[in-house]
Amino acid sequence: MSGAWTVLVDGRAQAGLPVQDRGLMYGDGVFRTLRIRGGRPLWWEAQLARLAGDCARLGIPCPERGLWQRDLAAVLEGRDEGVLKLVVTRGVGPRGYQPPEPARPTRIAMAGPLPGHPAGLWREGVHVRVCTLRLGQQPALAGIKHLNRLENVLARAEWDDADIHEGLLLDGEGRVISGVGSNLFILRGGELLTPRLDRCGVAGMARARLMAEAATLGLEAREADLALEDVRQADEAFLTNSLIGAWRVRRLRDASGPERVWPGPVIYPAVRKLLDG
């Protein structure tokens, strides 16, 4: 069970969608990714609330909580650790961009094994490169975990070096936004700063949790417009998402400037502990 994926579509075991599903045709939908630990998904209620909020922003009816609970019981059976992914599409509709009315959303729940990251990576720190691709700005979609992730796909295709663990994404005006699959934080003095996501980017659950609880670490957390130089000059930098919790950035590579190497952790151990469930 631990090495296989279990997939439910509208509560039924299957591995495909109708070709007319708008999630397939247009990326018309949203998703959340959760860490499974001890047979249970971390931050379950908060993740469901975020999923419902993203659906509301796109005008997609979100399946009710009881349906997800039934799916959860089925896909997590016999699985102690792993990944849970929840997807909602606008469902099947006629040809063309106009959303069907009423929408009949498709609900997908799937669980599988964790990514095979090298052991000890969280302790040693990760190597990050600055991506060439620049994110487009679209405030109507900013922050949403929508299904159209082509920018991230193209950014991740930029490197095939096992020594590079993540890419850093900037927007067209040079503001740092996030990692390809993560959110970014930097420590500067007594402040914990993370990029604003009001123009583009994805607002992850681990990011929200750290922002909400940073005061317990004696830090003030806030969003800010960050340039690449702000990251280079930071006391510490780390990446967050729901699967990794937090990774300390050890090395930042960028063709346009000097490589930045951080010698050791400052607040990272406390941050990792905070996000570790």
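Me: How many cavities of 30 Å³ or more does the structure hold?

Reply: There is 1 of that size. A cavity is a set of points on a 1 Å grid over the protein atoms alone where a 1.4 Å probe fits but cannot get out. This is a predicted model, in which local features need pLDDT of at least 70, side-chain atom pairs count only at pLDDT 80 or more, and totals for chains, interfaces and linings use all residues. Residues are numbered from 1 along each chain as its sequence is written, and side-chain values use heavy atoms, with hydrogens and water left out.

Me: What volume does the largest cavity have, and which residues line it?

Reply: Its volume is about 50 Å³, taken as the space filled by probe spheres set on the points, which are joined across faces, edges and corners. The lining is made by V128, L168, L184, V231, L239, V249, L252 and W262; a lining residue has an atom within 4 Å of a point.

Me: What classes of residue make up that lining?

Reply: The lining has 8 nonpolar residues, no polar and no charged ones. Val, Leu and Trp are on the nonpolar list, with Ala, Ile, Met, Phe, Tyr, Cys and Pro.

Me: Why is T33 called buried?

Reply: The relative accessible area of T33 is 16%, so it counts as buried (under 20%, with exposed over 50% and partly exposed in between, using a 1.4 Å probe and protein chains only). T33 sits in strand 3, residues 29-37 (strands are DSSP runs of E, at least two residues, and helices are runs of H or I, at least four, numbered from the N terminus). Beyond its neighbours within four places in sequence, T33 is in contact with Q47, V83, L84, K85, K145, S242 and L243 (heavy atoms within 4.5 Å).

Me: What is the phi of W43, and is W43 buried or exposed?

Reply: Phi of W43 is near 60°, again positive in a residue other than glycine. Its relative accessible area is 11%, so W43 is buried. W43 belongs to the loop between strand 4 (40-41) and helix 2 (44-58).

Me: Which residues touch the most other members of the largest nonpolar core?

Reply: They are V176, I186 and L252, out of 22 residues. A nonpolar core joins buried Ala, Val, Leu, Ile, Met, Phe, Trp, Tyr and Cys residues through side-chain atoms within 4.5 Å. A second, separate core of 20 residues includes L34, I36, V88 and I144.

Me: Which residues of helix 8 are buried, and how do you know where they lie around its axis?

Reply: In helix 8 (residues 268-275), Y268, V271, R272, L274 and L275 are buried. Down the helix axis they fall within an arc of 160°, so they line one face (the arc is that of the directions from the axis to the C-beta atoms). These buried residues pack against helix 4 (121-124), helix 6 (205-213), strand 14 and strand 15.

Technical notes:
1 Å grid on protein atoms, 1.4 Å probe; cavity = no way out; pocket = protein on both sides within 12 Å on 5 of 7 lines; lining within 4 Å.
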